[in-house]
Structures are given as structure tokens and as C-alpha cells.
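Take a look at the structure below. We will walk through it one part at a time.

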Amino acid sequence: MKNSGTPKHTAPKIIPRAAHNVSRNEISKSALKVLYRLNKAGYQAFLVGGCVRDAMLELHPKDFDVATDATPEEVRALFGNCRLIGRRFRLAHVRFGREIIEVATFRAAANHSDDDHAHDDEGRIVRDNVYGGIEADVWRRDFTCNALYYNIADFSIWDYTGGVRDVERRHLVLIGDPDKRLREDPVRMLRAVRFAAKLNFTIDETVAKAIEQDRPLLANVPAARLFDEFLKLFEAGFAEKTFDLLREYKLFAELFPATDQELNADPSFLDFVRAALRNTDRRVKAGKSVTPMFLIGVFFWAPTKKLAAIKRSEEKMSESQSLSLASYELSAQQQRRIAIPRRFTAPMREMLALQPRFTQTHGKRAMKLLEHRRFRAAYDFMELLAEVGQFDADKAEFWTNIQNQSAEERAASFEISTHPQGKRRRRRRRPRPKTSSS
Ligand code: ATP
Ligand code: MG
């Protein structure tokens, strides 16, 4: 596209207040305070990034980022409630109760082709710390829709890259040369998909082509950063759509290779995963909490079952044990791509290992499942399997009903005798059924 290219010293197109729909009603009081005070002190003060884009799209932005020509120290001098954060690049956080307004000083990306030291061998940015004016700041941003600046001085929007047009035609366009921008930071591929899903935008042909080529570079992104990105991808309320797009652009395989393999092999697993993602989206939209361990468990389910079956064929062990062992091995493998903290993988393994126990609805051990610390998550997981016809509906109903019963009713449901006389002191262990080598 003509003006999403490189001419770095062009003047912005300035859209006056009367010609755009970003209203101050959509901007938080705190953000307005910060903008006005900076402006009064003689600095430039703009809103920038997602909040301007979302306001244009009438999506009611919640996070507000401010860009200014004041240095972080100058920002701090203006606000009592301000902390400077970041080592490599200093940002000011101005706090109003629970709300934080991030104030960044304009900076230039160190991505001039004559500056060899700013990129590593694959072209990734390794240095990004030079102050500059707004006309430099704009070119380091990723997509044209993310590079719109709302000027508090006269409520106009400054557009250097054709972002307004791209928002209007709902296209996600990378600023500059797409291949170069993806090499600098391969996470932009995931951001493309995330924004396309959230905003209902089309990924521009030029970006799609570059993704096709640069996909494997995701392997070079630090696993910890990919975990952060994983959360943004799947906990924003658009998980199902995001997942479909990740698969369409063959990015999902870069993130969860074992899962992707099973998705291709087994359509019923795809049904289950999509049902889980839909369920996550419903929860997010209803303001309920979601835990990444649940979705990770869903992604691991088919590969775990497969590996568990292999383990049982090699060595005698219970189904639960084999599931626990298999999910352990798979999460260890997965860590190389995405660093999932142990506080999520440990409960996830328990949740998967509990699944076989829902088939058992008689006796004390079955009843004990209700007291397990992972019962709730394991139950939700089982419910979801039942929803897509992959777990017995009657048994699922049993476990649903049992939760509303009194202690006595429960004992009856599990067919446990409550009479002291009837209590068998010694119960002979039933011999394990011989498993035939199937
Ligand atoms: P949302 O908050 O809805 O996810 P956002 O656009 O605000 O969207 P952030 O990750 O909060 O996204 O980033 C704020 C802004 O910083 C972006 O709009 C973009 O201009 C810039 N930005 C963020 N990440 C990158 C990146 N990896 N490469 C280039 N620019 C980026
Ligand atoms: Mg943001």
C-alpha cells in the first residue's frame, strides 16, 4: 500500500475533531488528567495505540497509553502518584486508585539499516532505546491501526501511516516492509491474529504472505514471552476465533506441535477443543475467571491419552497413573516452546489424571472424588467431554446431581451402607481384572 511504506519524514495527515468519532466520553478521567497536565506544562501529549484504535471502532477501550515528548524524569516531576519502571526503556506509570496510565516518551526504533548492532542474525531487535519525536515514534509500531495518535491539544488524530483508512476498511497492515517487521519481532505474527480475531479485521495479503514465509521464526522467541502472548491470545474473549485463525495461518503448530498433530489426526478432538474455547469465551464475556491450566489441559488431552495408552502397553499401571505420567512428559516437551509455569502444569496433570474416576459411581472411593482438591476443574473438564459426546451422558448427570445432594442422599447414590452394623470391617480386595493385550 502506498503510504504504509517508509518515507520517514512525511508530515502526518491530521484529522480534526469534527471529522472523526473519538469522543472524550470514551477516554478515562485519569487518562484525560494526565494528558491535560502534560499539555499545560508545555509538553506534547497524545493517546496512542490500542485505545485510539478501539475508540474509533466504538469498542470502549479500557487501557490508555500516553505518548509525550517529556522525558520520564520530567513526567515524574509533574505527578506525585508516578513511578518509573523498566530498565532498558523507562516508562512512567501514573496511578489513580486501581487504574494505571502508562506514559511513554517518544522513541525511535533502532532499526535503521545502517545500524548493524540493533539487530541479531535473524533480524530481531535487540536494542530499542533512543528517544525521538513523534515522527520517529510512529515507525517502530507494528500495525497501521496501532499507530494513531490522539492529540489532547485540539482533539485531532495524527495519522502518519494510513491507519485511519485501514481502520475504516478493517485491514491489518504492517508498517513498512512486512517481512522485515516480522523478522524484527516474530511475535507480531501472533499479534496479527489476535487483532484480526478481536477487531474482526482482515489480515492484509502482504502480511499473510510474510507470515507464510516467517512462521518458523516463532521458534526463536523466548518461551516466557510466548506464555504471556498465549494468555493474551486465549483469555481476551475471542479464543475460538483466534484459534481458528492460528490454525489457518499454521501458527498453532508452532505453539503446540503435539496438539496440532492430534487435531489433524482426529476430528473429534477438534470438536472438543473448540467447545472448550467457546466455553472460555462465554466465561470471559460473563466476567467469570478463567485459568490457563484448563485450556492447556484441553490442548493436552488427545496427545496425553495417546501417550498414556503407549505407556500402559509397555508397563502395568493404572489409567490415572499413565495419564499423569504422559502429561508430565508432554508438558516437559512443551516448555521448550512455551514456558508454562508449574503452578499451572501441576494442577493440569491432576485434572487429566482424575478423568477415569468419573466412570466409577459406586462405593467410597468414588464418593471421595468429591473431596479432591481438583474435583471442580476435573468435573468441568468431564462435563465438556460429555457435551461433545465424548463422555457418558448419564454418568455426567450423576456427577452433576450428586453435588446438590445431602450427605445421606449421597451415600445412597454411591450405594454406600450407612448402618454401623452393616459396615464391613474387612473388605476383600477384588482381584484386578486381567487386561488382555489389546
Ligand atoms: P490491546 O491492549 O488491545 O491488546 P494494544 O494495541 O494496546 O492492544 P499493546 O500490546 O498494549 O497493544 O501495545 C500498545 C502499543 O504498542 C501497540 O498499539 C503498538 O503501537 C505498540 N506495540 C506493542 N507491541 C509491539 C510490537 N511487538 N511491535 C511493535 N509495536 C508494538
Ligand atoms: Mg494496550
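**From the strands to the ligand**

Strand 9 (residues 148–151) and strand 10 run antiparallel, joined by 4 bridges. Keep in mind that this is a predicted model. Find Tyr149 in the structure. Its bridge partner in strand 10 is Trp158. Now follow the chain from strand 9 to strand 10. The two strands form a hairpin, with 4 residues between them. One residue in that turn deserves a look: Phe155 has a positive phi of about 65 degrees.

Stay with strand 10, which covers residues 156–159. Which way do its side chains point? Ser156 and Trp158 point one way. Ile157 and Asp159 point the other way. Are these residues buried or exposed? All of them are buried.

Strand 10 has another partner. Strand 1 (residues 13–15) pairs with strand 10 in the antiparallel sense, over 3 bridges. Here Lys13 has Asp159 of strand 10 as its bridge partner. So much for this group of strands.

Next, turn to strand 3, residues 65–68. Strand 2 (residues 45–48) pairs with strand 3 over 4 bridges, and the sense is antiparallel. Within this pair, Leu47 stands opposite Val66. Strand 3 also pairs with strand 6 (residues 99–105). This time the sense is parallel, again with 4 bridges. Look for Asp65 there: it stands opposite Glu102 in strand 6.

Now move to ligand 1. How many residues surround ligand 1? The count is 15. The closest are Asp185, Arg188, Arg191, Arg194 and Lys198. What kinds of residue make up the shell? By class, 11 are charged, 3 are polar and 1 is nonpolar.

Which helices supply at least two residues each? They are helix 2 (50–56) and helix 7 (187–199). Helix 7 gives the most, with 5 residues.

Zoom in on the atoms. A side-chain N or O atom of Asp185 is 2.8 Å from a nitrogen atom of ligand 1. Arg191 places a polar side-chain atom 2.9 Å from an oxygen atom of the ligand. For Arg194, a side-chain N or O atom is 2.7 Å from a ligand oxygen atom. How much of ligand 1 does the protein bury? Taken alone, ligand 1 exposes 590 Å², and the protein buries 76% of that.

Key:
Residues numbered from 1 in each chain as written. Chains lettered and ligands numbered in written order. Predicted model: local features only at pLDDT ≥ 70, side-chain atom pairs only at ≥ 80, totals over all residues. Heavy atoms only, no water. Near = heavy atom within 4 Å. Polar contact = N/O pair within 3.5 Å; in protein donor to acceptor, adjacent residues only side chain to side chain. Areas by Shrake-Rupley, 256 points an atom, 1.4 Å probe, with all protein chains shown as cover. Nonpolar A, V, L, I, M, F, W, Y, C, P; charged D, E, K, R; others polar. Pairing = 2+ DSSP bridges. Buried < 20%, exposed > 50% of the residue type's maximum accessible area, 1.4 Å probe, protein only.
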